[in-house]
Amino acid sequence: MPNDKWNDEEIENLLRDFPKIQDGRQKAEVYNKLAQKEKMPRQPKRWLPLLVAIVAFLSISVLVASLLQQGGTDSSSETENSDSGPTMSTDEAQTEQAEPPEGPEGESEEDANLAAEQPVALRTAVYERDVEQSHILRVGLAYNGYVVPISFVIPEQLTDTAEPDAVELYETFAIQIDESALGFDEYHPYAGELEQNDSVISHFLPDGHSYDQGSASTLLYLSSLEETFMNQQEIRVLDEGGEAAQLSHIGIVEPFVPREQGQSFYLLATSTGDWHLAPAYGMSPENVEEALMALQQSPNDDYHSPVPEEINYRVEMDGENATLVFEELLDLETLDGVEAMQMIESMALTAQSYDTSLRISNTVQAEWAGFDFSKELELPVSPNRIDWPEK
């Protein structure tokens with residue numbers, strides 16, 4: 001009864017009155033019965049086949065999409081390769097250097113990627129091997145009162161004769177040069193008539209020409225004429241009657257010899273932002289030693305030094321042979337490839353303008369970009385190469 005109060009004694013008496021429960025079975029018998037009891041069968045996971053099917057479908061879809069994308073990429077690459085036309089090269093070595101060489105065994109992918117990011121050093125001048133089966137048209141192009149010699153490499157099959165002289169080559173191709181597209185002023189072809197007799201160039205000036213409007217225009221004209229016919233023995237400036245011409249700012253123009261005085265080659269940018277190596281006319285050092293040393297300093301705001309500020313060197317002379325020695329061991333691979341090439345070629349062109357051999361010493365590399373520093377440097381025959389497109 002719910003309101004009854006039980007004490008401990010009454011509870012003990014009640015428990016004593018419960019009947020005792022006894023099990024007479026043996027322990028082994030009880031164990032065997034439990035062991036023979038059937039286990040409840042596990043319910044099958046009906047969702048598992050469906051999940052496997054979904055995963056398989058997704059995997060096949062991803063694989064098919066990847067194959068289709070790969071096929072599209074290959075097709076587009078083949079299309080681009082087939083549609084792209086020939087490109088202008090600066091040197092035969094360009095193709096070889098543009099292709100990354102096979103790395104040493106064990107080279108990590110990170111090292112290969114780092115090497116691929118390094119700028120490729122390409123020659124920009126014309127060298128002796130470039131003259132084979134080609135003609136070199138060197139033209140003194142004009143920009144803001146400065147003269148920049150540009151060397152057009154013309155395949156010999158584009159000329160009417162096997163060995164055209166300098167005037168024939170100039171008159172055939174100079175009129176085709178798009179000077180403004182190259183970043184220069186429209187200056188060529190020259191007004192008047194040109195004539196070549198052996199290695200003597202004569203320029204007959206017409207009345208009313210504009211080559212003596214001022215001292216700057218006269219210097220530009222004579223410098224351009226010299227650069228254009230650099231490889232000739234003599235240049236004459238004549239009037240229409242065949243007499244030595246008289247220009248208002250210098251008087252009678254005497255016959256002159258191209259490259260009679262060497263020049264230091266500095267960097268000059270044109271309107272397109274392209275940098276070219278150009279001689280500093282009007283600043284001619286007396287000898288090659290002074291000319292090479294002068295490269296370390298910009299002569300004005302337009303010419304720029306091709307030598308990085310942190311690099312210093314000295315020039316040692318042995319008769320007519322010059323050796324340029326870097327004050328500290330120079331690792332060319334630590335420099336920007338383009339800047340390093342501009343420096344080396346400016347030195348080479350400067351030495352070549354003085355008809356002097358040149359050695360370069362104290363570099364980490366014994367060979368670099370086709371140059372062998374263990375012997376006299378290979379000198380260019382002409383600066384600023386541009387390949388004439390084949391028709």
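Q: How much space lies in the largest cavity?
A: About 80 Å³. A cavity here is a set of points on a 1 Å grid over the protein atoms alone where a 1.4 Å probe fits but cannot get out. Grid points are joined across faces, edges and corners, and the volume is the space filled by probe spheres set on the points.

Q: What kind of model is this?
A: This is a predicted model, where local features need pLDDT of at least 70, side-chain atom pairs count only at pLDDT 80 or more, and totals for chains, interfaces and linings use all residues. Residues are numbered from 1 along each chain as its sequence is written, and side-chain values use heavy atoms, with hydrogens and water left out.

Q: How many cavities of 30 Å³ or more does the search find?
A: One, in a search of the whole structure.

Q: Which residues line the largest cavity?
A: Arg-138, Glu-226, Glu-227, Met-230, Arg-259, Gln-261, Gln-263, Phe-265, Pro-279, Tyr-281, Gln-352 and Ser-353. Lining residues have an atom within 4 Å of a point.

Q: How does the lining split by class?
A: Four nonpolar, four polar and four charged residues. Ala, Val, Leu, Ile, Met, Phe, Trp, Tyr, Cys and Pro count as nonpolar, Asp, Glu, Lys and Arg as charged, and the others, Gly among them, as polar.

Q: Which helices each supply at least two residues of that lining?
A: α7 (215-228) and α9 (337-353). Helices (H or I, at least four residues) and strands (E, at least two) are DSSP runs, numbered from the N terminus.

Q: And the chain overall, how many helices and strands?
A: Nine helices and 15 strands. Of the 391 residues, 37% are buried, where buried means under 20% relative accessible area, exposed over 50%, and partly exposed in between (1.4 Å probe, protein chains only).

Q: What share of the contacts is between residues 24 or more positions apart?
A: 65% of the contacts with a separation of 6 or more. Contact means heavy atoms within 4.5 Å.

Q: Change of topic: where does Asn-384 lie?
A: In the loop between β14 (371-372) and β15 (385-387).

Q: Buried or exposed?
A: Asn-384 is buried, at a relative accessible area of 6%.

Q: What does Asn-384 touch, not counting residues up to four places away in sequence?
A: Thr-124, Ala-125, Val-148, Pro-149, Ile-150, Ser-151, His-276 and Leu-277. Ile-150 is 234 residues away along the chain, yet its C-alpha atom and that of Asn-384 are separated by 5.1 Å. The Asn-384 side chain also reaches the backbone oxygen of Pro-149 at 2.8 Å. That is a polar contact, a pair of N or O atoms within 3.5 Å; within protein, one must be able to donate a hydrogen and the other to accept it, and residues adjacent in sequence count only if both atoms are side-chain atoms.

Q: How many salt bridges does the structure hold?
A: Nine. A salt bridge is a side-chain nitrogen of Lys or Arg within 4 Å of a carboxyl oxygen of Asp or Glu.

Q: What does Glu-378 pair with?
A: Arg-129, at 3.3 Å from N to O. Glu-378 is partly exposed at 29%, and Arg-129 is partly exposed at 28%.

Q: And Arg-385, which side chain does that meet in a salt bridge at 3.1 Å?
A: Asp-130. The pair links distant parts of the chain, with Arg-385 in strand β15 and Asp-130 in the loop between α5 and β1, 255 residues apart. Arg-385 counts as buried at 11% relative accessibility, and Asp-130 counts as buried at 3%. Arg-385 forms a salt bridge with Asp-387 too, the closest N and O atoms being 2.6 Å apart.

Q: Last stop, Thr-159: which backbone oxygens does its side chain reach?
A: The backbone oxygen of Glu-156 lies 2.8 Å from a polar atom of the Thr-159 side chain, and that of Thr-161 is reached at 2.9 Å. Thr-159 is in the loop between β2 (146-155) and α6 (166-173) and counts as buried at 13% relative accessibility.

Technical notes
1 Å grid on protein atoms, 1.4 Å probe; cavity = no way out; pocket = protein on both sides within 12 Å on 5 of 7 lines; lining within 4 Å.
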